[in-house]
Amino acid sequence: MALGYVPLMVLAVLAVVAGARLASTTIDVRSAAAAAARQASLASTPSEARTTGGDAASFTLTGRGLTCQPSTVTVDPGAFVPGGQVSATVTCSVRLEDLYGLGLPGAVTITSTSRQPLDTFRSRALGFANSEASSAANPSRGGL
C-alpha cells in the first residue's frame, strides 16, 4: 500500500513546484512592469522612456532564466505630456515542460501592465536663469 502512495506524492510535489514557479514568475513580471513604468515616467523624452523602461524591466528579470524565458518589454510613452500616463507591459513565458509526469503544456505566458502618471510640473520654466533663481531664493547671498 505504501508503494501506491509514492507516485501520488511525486505528482503532488511536482504540482507544488509548478504552482510555485507560476506564482514566482507572476510576482517577478508584475515587479518588472512596475519598475519599467516608474523609470519611464522619470525620463525626459519618449525615446528615453522606452530605453530606460526596458532597461529597468530587464534588470528586474535578470537571473530568472529558468522561469522567465523569453520575455518581452513594451513601453508606451503615450502623448508624453505633463499629467499624461506612461505604461509598460512585460510578457514572459514560464517553462513547465521539465516537470515530467504532470502533463502540463511546454510553457505558460504571463503578462502584466503597469501605468505611471507623468509629473504635471515636469517642464514648466520659472522664467529666469539659475543664478537669478538662487539669489531670489536667498536674497542675503546674491545680488550684491
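Let me begin with a definition: a residue is called buried when its relative accessible area is under 20%, exposed when that value is over 50%, and partly exposed in between, using a 1.4 Å probe and protein chains only. The areas themselves come from the Shrake-Rupley method with a 1.4 Å probe, and for residues only the protein chains shown count as cover.

What we have here is a predicted model, in which local features need pLDDT of at least 70 and side-chain atom pairs count only at pLDDT 80 or more, while totals for chains, interfaces and linings use all residues. Residues are numbered from 1 along each chain as its sequence is written, and side-chain values use heavy atoms, with hydrogens and water left out.

Of the 144 residues, 26% are buried, and the chain exposes about 9,000 Å², of which carbon and sulfur atoms supply 59%. If we take contact to mean heavy atoms within 4.5 Å, then among contacts with a separation of 6 or more, 62% are between residues 24 or more positions apart.

Now to R115, which lies in strand β3, residues 107-117. Is R115 buried or exposed? R115 counts as exposed because its relative accessibility is 52%. Apart from neighbours within four places in sequence, R115 is in contact with A37, Q85, V86 and S87. The C-alpha atoms of R115 and A34 are 7.4 Å apart, although 81 residues separate the two along the chain.

Moving on to T120, we find this residue in the loop between β3 and α3, the latter being residues 130-137. T120 has a relative accessible area of 39%, so this residue is classed as partly exposed. Which residues does T120 contact once neighbours within four places in sequence are left aside? They are P82 and G83, and in the case of G83, 37 residues away along the chain, the C-alpha atoms of the pair are separated by 4.4 Å.

F80 is not a glycine, and yet its phi is positive, near 55°. F80 is also buried, because its relative accessible area is 12%.

Key
Helix = DSSP H or I, 4+ residues; strand = E, 2+ residues; numbered from the N terminus.
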